[in-house]
Amino acid sequence: WIRSMVRAAAKNFKGVLVVVDPNDYPALIAALDAGPTLAFRFDLMRKALAHTAAYDTAITRTLADVSLSEDEFVRAAPTDLSTIVSQSFEKIRDLRYGENPHQKAAWYAPSPSAKATGLGAASILQGKELSFTNLLDLDAAARIALEFDEPAAVVIKHTNPCGAAIGTSAADAYVRAREADSLSAFGGIVALNRTLDVAAAEAIVSTFIEAVIAPGVDEDARPILAKKTNMRVVVADFESLRSSGIEFRSILGAMLAQERDFVAEARALWTPDALPEGVKVVTRRQPTAEEWEALRFAWRA
């Protein structure tokens, strides 16, 4: 009945103020003091209808994964591909343009925002506005960094890694990744899978980097990063995205869905006595311990 009341209030927005978001309370109080404008009422109405639509979408999405078996409801596995896919997205912000200057672009997150993760719930600590291609590169960098449990760093240029490395710390991993191809790393996008500390910040600001993404930034590191005023610093929690899930990609007039790629077979150490199922060494000479480590790194990268 609450949904029905909200929809009824929205339909009568010219005479009713319908509020579904507590964040709108300050604006509501100010509007009541000044006299609510029709435009303000209209904005509240749109938000209310989006709220009820998201509720209906959540029910539809849930029921799409439920079947009836002998009078019992059975929920499909999280990785099963649904017969119906419905999702609401809310605009985070407009972007200056898309891949090219003549293309309009915007950045969206799942709605309601409580379900947003990764780049859908990221915080931008400093720097210029993120561009369409910046976000694609940040995504590409994070995807590789998340394959590693060890401290890891990745440098991306145009969605391709020009350097990726693990190390004893975030700073050590970043320097190794940068030095893999220091020329290409200039102006690159960096991802770390560890909190960005002072040592990592000092290493990053020692060259020109467009943007860096990490799960956190130490307070002591922020003044160091601030020296590069244009460098974008993004904080995002990707931990929930390490496990498998469903990803979508648009094609002309349709959409594709697949399970997220997850390199589970390389999570544990590789040794002659502990190889992933189905993997065997076919060369006469067995790999050395150092070669096993390099092979496992390459498999994940």
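1. A starting definition for the pairings below: two strands pair if DSSP finds at least two bridges between them. By that rule strand 5 (residues 123–126) and strand 10 are paired, since 3 bridges join them and they run antiparallel. Within this pairing, Ser123 has Val235 of strand 10 as its bridge partner. Please keep in mind throughout that this is a predicted model.

2. Now for the overall picture. The chain has 301 residues, and buried residues make up 36% of them. There are 9 helices and 12 strands. Along the principal axes, the C-alpha atoms fill a box of roughly 80 × 60 × 35 Å. The accessible surface comes to about 18,400 Å², with 55% of that belonging to carbon and sulfur atoms. If you look at contacts between residues at least 6 apart in sequence, 47% join residues at least 24 apart.

3. On to the interior. In soluble globular proteins, nonpolar side chains tend to be buried together. The largest nonpolar core in this model has 28 residues, and those with the most contacts inside it are Tyr174, Leu192, Leu196, Ile204 and Leu225. Among the elements giving two or more residues to this core are strand 6 (152–157), strand 7 (160–166), strand 8 (188–192), helix 7 (198–204) and strand 10 (232–235). Helix 5 gives the largest share, 5 residues.

4. Leaving aside residues up to four places away in sequence, Leu192 touches Tyr174 and Ile204, and its other contacts include Ala145, Ala170, Ile213 and Pro215. There is also a second, separate core of 26 residues, which includes Leu130, Phe148, Ala191 and Ile213.

5. Most residues other than glycine have a negative phi. His158 is not a glycine, yet has a positive phi of about 55 degrees. Thr159 is also a residue other than glycine with a positive phi, near 65 degrees. His158 lies in the loop between strand 6 and strand 7, and Thr159 is found in that loop too. His158 has a relative accessible area of 64%, so it is exposed. Thr159, at 41%, is partly exposed.

6. Another positive phi sits in a hairpin. Strand 1 (residues 66–69) and strand 2 (residues 72–75) pair in the antiparallel sense over 4 bridges, with Leu68 standing opposite Phe73. There are 2 residues between the strands, and Glu70 takes a positive phi near 50 degrees in this hairpin.

7. Finally, have a look at the start of the chain. Trp1, Ile2 and Met5 make a nonpolar surface patch of about 450 Å². Met5 belongs to helix 1 (residues 2–11). Why does Met5 count as exposed? Because its relative accessibility is 54%, and the cut-off for exposed is over 50%.

How values were computed:
Residues are numbered from 1 along each chain as its sequence is written. This is a predicted model: local features need pLDDT of at least 70, side-chain atom pairs count only at pLDDT 80 or more; totals for chains, interfaces and linings use all residues. Side-chain values use heavy atoms; hydrogens and water are left out. Patches are made of residues with over 30% relative accessible area and no salt bridge: like charges are joined within 9 Å, nonpolar side chains (Val, Leu, Ile, Met, Phe, Trp, Tyr) within 5 Å. Accessible areas come from the Shrake-Rupley method with a 1.4 Å probe; for residues, only the protein chains shown count as cover. A salt bridge is a side-chain nitrogen of Lys or Arg within 4 Å of a carboxyl oxygen of Asp or Glu. Buried means under 20% relative accessible area, exposed over 50%, partly exposed in between (1.4 Å probe, protein chains only). A nonpolar core is a set of buried Ala, Val, Leu, Ile, Met, Phe, Trp, Tyr and Cys residues joined through side-chain atoms within 4.5 Å. Contact means heavy atoms within 4.5 Å.
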